[in-house]
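Subject: Structure handover

Hello,

Here is the structure, followed by notes on what was found in it. Please read the notes with the model open.

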Amino acid sequence: MLVTAVVLPLIAILLSYSGALAARVTVSWSYDYTRQPACSCSRTNDCIDHFEILDYTDSQDPKLLRRVPNPPNAVAKVDNISDEFSYGPPFGLRTIVVVAVARDENGTITTSNPFAARKDVEIMRKVGRAKQ
């Protein structure tokens with residue numbers, strides 16, 4: 001009985017942090033490269049370097065979830081830039097944002113407004129969910 005009382009919580013903790021319970025998240029967005037083109041070997045300043053997907057639930061301490069490169073041949077408006085990944089814990093209502101990360105004329109990294117592309121989503125664990 002004592003072994004069960006110790007082993008079951010330990011298994012629950014290990015499952016939680018192993019990613020076995022993590023949800024699959026797909027993030028998709030559009031970006032217009034007309035005003036600021038994508039960075040390349042020949043253009044290293046005044047360009048979009050990459051995108052970052054952040055958990056912005058706590059805006060004082062955002063968590064980087066993914067770094068996404070520019071799509072190939074990124075010119076003009078590009079629709080359906082996306083990434084899919086496992087996420088959780090934490091579970092519950094989370095604010096997910098996508099920011100464009102650019103290099104200015106001097107090569108200094110800047111980011112777009114995190115409130116321009118944000119979505120509140122419910123992240124639920126895989127095990128124990130009712131099928132809908």
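There is one disulfide in the structure, a disulfide being a pair of cysteine sulfur atoms within 2.5 Å. C39 and C47 form it, with their sulfur atoms 1.9 Å apart. The torsion about the S-S bond of C39 and C47 is about 85°, so the disulfide is right-handed. C47 counts as buried because its relative accessibility is 0%, whereas C41 counts as exposed at 84%. Here buried means under 20% relative accessible area, exposed over 50%, and partly exposed in between, computed with a 1.4 Å probe on protein chains only.

The model is predicted: local features need pLDDT of at least 70, side-chain atom pairs count only at pLDDT 80 or more, and totals for chains, interfaces and linings use all residues. Residues are numbered from 1 along each chain as its sequence is written, and side-chain values use heavy atoms, with hydrogens and water left out.

Overall fold. Helices (H or I, at least four residues) and strands (E, at least two) are DSSP runs, numbered from the N terminus. Of the 132 residues, 35% count as buried. Among contacts between residues at least 6 apart in sequence, 65% join residues at least 24 apart; contact means heavy atoms within 4.5 Å.

Cores. A nonpolar core is a set of buried Ala, Val, Leu, Ile, Met, Phe, Trp, Tyr and Cys residues joined through side-chain atoms within 4.5 Å. The largest one holds 23 residues, and V27, W29, Y33, F51, I53 and F85 touch the most other members. Strands β1, β2 (47-55), β3 (63-69), β4 (77-87) and β5 each supply at least two residues of this core. A second, separate core has five residues, including L54, Y56, V97 and V99. In soluble globular proteins, nonpolar side chains tend to be buried together. Neighbours within four places in sequence aside, W29 is in contact with F51, I53, V68, V78, D79, N80, I81, S82, D83 and V98.

The largest pocket has a volume of about 230 Å³. The search runs on a 1 Å grid over the protein atoms alone; a pocket is an open set of points where a 1.4 Å probe fits, with protein on both sides within 12 Å along at least five of seven lines, and lining residues have an atom within 4 Å of a point. Grid points are joined across faces, edges and corners, and the volume is the space filled by probe spheres set on the points. Of the 14 lining residues, T26, V27, S28, I96 and K119 lie nearest the centre of the pocket. Strands β1 (23-32), β5 (92-103) and β7 (118-123) each supply at least two residues of the lining. By class, the lining has nine nonpolar, two polar and three charged residues. In that count Ala, Val, Leu, Ile, Met, Phe, Trp, Tyr, Cys and Pro are nonpolar, Asp, Glu, Lys and Arg are charged, and the others, Gly among them, are polar.

Loop positions. A117 sits in the loop between β6 (109-111) and β7 and counts as partly exposed at 32% relative accessibility. Sequence neighbours within four places aside, A117 is in contact with I96, V97 and V98. N106 is in the loop between β5 and β6 and is exposed, with a relative accessible area of 66%. The C-alpha atoms of N106 and N45, 61 residues apart along the chain, are separated by 6.5 Å.

Backbone points to check. Most residues other than glycine have a negative phi, and most peptide bonds are trans. The bond from G88 to P89 is cis, with omega near -5°, and a cis bond also joins P89 and P90, with omega about 10°. P89 is in the loop between β4 and β5, and P90 is placed in the loop between β4 and β5 as well. A76, not a glycine, has a positive phi of about 60°; A76 lies in the loop between β3 and β4 and is partly exposed, with a relative accessible area of 35%. N80, not a glycine, has a positive phi of about 60°; N80 lies in strand β4 and counts as exposed at 62% relative accessibility.

Regards
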